[in-house]
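Biologist: I would like to go through the labels attached to this structure and hear what each one rests on. Please give the criterion each time.

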Amino acid sequence: PKPTYLSDYRPPAYRVTHTELTFDLDAKATRVKARLHMERHPQAKNGAALELDGERLTLISIAIDGQPLGEDEYSVDAERLIIESVPQTFLLDTEVEISPASNTALSGLYQSSGMFCTQCEAEGFRRITFYPDRPDVMATFSTTVIGSATTEPVLLANGNPVERGSLPEGRHFVTWDDPHPKPSYLFALVAGDLEKVEDRFTTASGREVTLQIWVEEENLGKTDHAMASLKRAMRWDEHAYGREYDLDLFMIVAVNDFNMGAMENKGLNIFNSAAVLTHPHTATDVAFQRVESIVAHEYFHNWSGNRVTCRDWFQLSLKEGFTVFRDQCFSADTNSAPVKRIEDVSFFRTAQFAEDAGPTAHPIRPDHYIEIGNFYTLTIYEKGAEVVRMLSNLVGPEAFRRGSDLYFERFDGQAVTIEDFVACMQEASGIDLSQFMLWYSQAGTPEIDAHGEYDYANGDYRLILRQRTPATPGQYDKQALHIPVRLGLVGTKSGRDLPLTLDGESLGSDTVIHLREEEQEFVFTDVSEAPVPSLLRGFSAPVKLRFPYGREDLAFLLANDSDGFNRWDAGQRLAMLALDDLIAAHRNGVEKVMDTRVVEAFRHLLNAEIDDRAVLAEMLTLPSEAYIAEQQPLVDVDAIHAARNFVKQRLATALRDDFLRLYKANDSDAPYAPDPDQIAARGLKNVALSYLMAIEDEDAIELARKQFAADHNMTDVRHALTLLTHSSRDDIAEPALKAFGEKWAHDPLVMDQWFAIQVTRPQPDVLDRVAFLMKHPAFSLKNPNKVRALIGTFAGQNRVNFHRLDGAGYRLLADVVIELNRLNPEIAARLITPLTRWARFDETRQDLMKAELERIRAEELSPNVFEVVEKALA
Ligand code: B3K
Ligand code: ZN
């Protein structure tokens, strides 16, 4: 497979102004008729050949302006159809046959639980019909879907239904019209035996919108939260961005087999059922919040993505980074803002930093790719969102809103670039963003080394910042970035933020300084007492910042910082220092000694008056094994696991009564609601239970057992079952697992959780369990949710067992990748990720991991898997 380069971008030679499609559905032989209204692009040269994308299509007929083409007038290969000579404007008619039933890649038209559905982003439409399948070709669509009146009573497509009727032989049809020009990747079709839940929404300007969520009948009781989230998101976008919905109908459909979370098809969002269905007894708080944010995310795409779309797939972050930023702000406004930030950053620093440090590192705007499906990454999405967040902080909220208004107005109905977006922000703010643009082209995580010095004699605080971005594959020389660093100086006597004066200018007590050079010095004057600096508040830039904090400094910030995010971060840094010592002790075989400052800091937290209980739950949570690993020069999974468990046990032993009190104070049998107060209380209660279970005394086991048996809500049940399953008490764990598995055998989303709980067990026999569960009737390699729950969770989260020294964990993953490479290349390529990180481990593991990558490479590979494996072994 050959790479595609950004620098090769050329506008299309031919445009489609209107697309008419007719689907005659059949599982093995669906007929698709397409009538494309086409015209030559004004800048294209006379006589340019017409090239259409098409894969896995059987061409039945082809005609231009009603005249069938002779065999010498066109050519077809595995990827495209070429017609050498076409008029300036013309109608192209084609008919093709496709087989949804054998489409296991879940790209294009496929079947899921007996229903027909589509996934076209990025390049799936070419598996439906011959078409210029690129986002800069935007057309209005008219779609007729024909199906069986008994097995497909519901026939959906984008836009509004304009005609329906019955046909001979028990068939019927519906015709849909989508008046908004759109690229082919936003096309959608759903047909099956579905039921709907309906609601209404009146937009700010008075448009009446019908909202529908379509599900299988047994899921009718699981749509309330998604519907409420949708309405909140619609209202929020009107207030925050002045954006209204633009059709009379908005539909969401839940499907069981889906590669991603959801898809923003115009007027017809298709969702992985895991990203839309909730019920207190089947979904955890985390799942409720995820549904809320994904429903919002897909809805927000209606403007950031659909009305204004991407010129080419290199601009993917234009819609994804911006839309993630929008959904993050929405969730922050709807729930606890500091907790939302803590959760997002803690995930980001674990997973995106790891991507940036590995062989698949790429800029937010890559300059080449082999398979665009491999670029739906944490870098494009989450780092893209961080960059938009920096922009919004740099220009300020008012200019940011003016800039986004300008962007949506100027480019409505167009396919544009990242430059177009940033130019609007520059125009609206008058701030020069040229150096800032480097964030889009330069890969890797910038590192800042900070040093500070307080001069008691004249009251100056001198802060020196040095930045450096490590080399990434193919990018060796990095330039200095424009990095906004939000900070405060916290007085060690007063515990308060001190007023800041820089170059004679008063800046309040919390300000942003701009690091643009490789090294810069900032001298704050009139600093009345010795401060501890609180740096990179709110994670104001996606960088690693090092500062030689002493443990007292960190304990001080944990108790006093006015920035909630940095208070939490100080606690994490303090725990990290203790963990580093313990990891070293474990490696050197010396006795582990607990840092009493961590115990005292936790004791203080557990006894202080804290108004944000959700933040407290975060503060009491130790950094994850994956995060700790990210901080080590060489990852020692066993030492990390042992050190972290040691800290948990010591904290639990020292603070047992505090944790018990915390548990009881937050235990309630009020009816479940996914609201911030209840979520915070459950969070605290379950953190306390985790610590108590770290010592596994009878009281703790009794609490966990009772919490499981009470069966009050899935958050509590799942947490208790996880703790029991991960404990040494198989006598209690096994019956609980069995009962749970039998009770929920009919519910695939709960069975996913049942799989995940078991495969994260720390016990060494877990690998056999993974292999055993792969044969369970509820498991299927063809269902991405199952693959993620069982294999993805094991490889990504059960670090001690995946990295077993005999290589059995690696072998199991490679076996699955090899099988999935044939079935579903997109999922196969994603699954390889843990193996690509081999460079971070000891030599023995490196060799074992590389051997598995080699074994995969020896197969006949899809472009997706090929690209990842080649990079990993480069
Ligand atoms: N835009 C979709 C991505 C689907 C891509 C699959 N290859 C989901 C989202 O970001 O909203
Ligand atoms: Zn998106």
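Biologist: Why does Arg-613 count as partly exposed?

Modeller: Arg-613 has 19 C-beta neighbours inside 10 Å. A residue is buried if 20 or more other C-beta atoms lie within 10 Å of its own, exposed if 12 or fewer, and partly exposed in between, with C-beta atoms placed from the backbone. The count of 19 therefore makes Arg-613 partly exposed. Two points on the source: this is a predicted model, in which local features need pLDDT of at least 70 and side-chain atom pairs count only at pLDDT 80 or more, while totals for chains, interfaces and linings use all residues. Residues are numbered from 1 along each chain as its sequence is written, and chains are lettered from A and ligands numbered from 1 in the order in which they are written.

Biologist: Which residues is Arg-613 in contact with, leaving aside its neighbours within four places in sequence?

Modeller: They are Ala-680, Ala-681 and Leu-684; contact means that the C-beta atoms, placed from the backbone, lie within 7 Å. Arg-613 itself is in helix H12, residues 613-619. Helices (H or I, at least four residues) and strands (E, at least two) are DSSP runs, numbered from the N terminus.

Biologist: Why does Glu-169 count as exposed, and why does Leu-536 count as buried?

Modeller: Glu-169 has 7 C-beta neighbours inside 10 Å, so it falls in the exposed class. Leu-536 has 24 inside 10 Å, so it falls in the buried class. Glu-169 lies in the loop between S14 and strand S15 (171-182), and Leu-536 in the loop between strand S32 (531-535) and strand S33 (544-546). Phi is positive in both: near 60° for Glu-169, a residue other than glycine, and about 60° for Leu-536, also not a glycine.

Biologist: What makes strand S21 mostly covered?

Modeller: In S21 (residues 268-272), 5 of its 5 residues are buried. Side chains in a regular strand alternate between the two faces of the sheet. In S21, Leu-268, Ile-270 and Asn-272 are buried on one side, and Asn-269 and Phe-271 on the other, leaving both faces covered.

Biologist: How do you know that S21 pairs with S19 and with S20?

Modeller: Two strands pair if DSSP finds at least two bridges between them. Strand S19 (residues 249-255) and S21 have 5 bridges, in the parallel sense, and S20 and S21 have 2, in the antiparallel sense; both counts therefore meet the criterion. Phe-271 of S21 stands opposite Ala-254 and is also the bridge partner of Ala-262. S20 and S21 form a hairpin with 4 residues between the strands, where Gly-267 takes a positive phi near 70°.

Biologist: What makes S4 and S7 edge strands?

Modeller: Strand S4 (50-53) and strand S7 (74-76) each pair on one side only. They belong to an open sheet of 3 strands in the order S4-S8-S7, with antiparallel pairing. S4 and strand S8 (residues 80-83) share 4 bridges, with Leu-50 opposite Ile-83 and Asp-53 opposite Arg-80. S7 and S8 are joined by 3 bridges, with Ser-75 opposite Ile-82. Both pairs therefore pass the bridge criterion. S7 and S8 form a hairpin with 3 residues between them.

Biologist: Which strands lie at the edges of the sheet of 8 strands?

Modeller: The edge strands there are S6 (67-68) and S14 (160-167). The open sheet runs S6-S5-S9-S3-S2-S12-S15-S14, and the pairing is mixed. Within this sheet, strand S3 (residues 30-40) and strand S9 (residues 89-98) pair antiparallel over 10 bridges; Ala-34 has Thr-94 as its bridge partner in S9.

Biologist: How many residues surround ligand 1, and which are the closest?

Modeller: There are 13, the closest being Glu-121, Met-260, Met-263, Gly-373 and Tyr-376. To be near the ligand, a residue must have its C-beta atom, placed from the backbone, within 6 Å of it. Strand S20 (262-263) and helix H2 (285-300) each give two or more residues to this shell. A cis peptide bond joins Glu-121 and Ala-122, with omega about 0°.

Notes
Contact = placed C-beta atoms within 7 Å.
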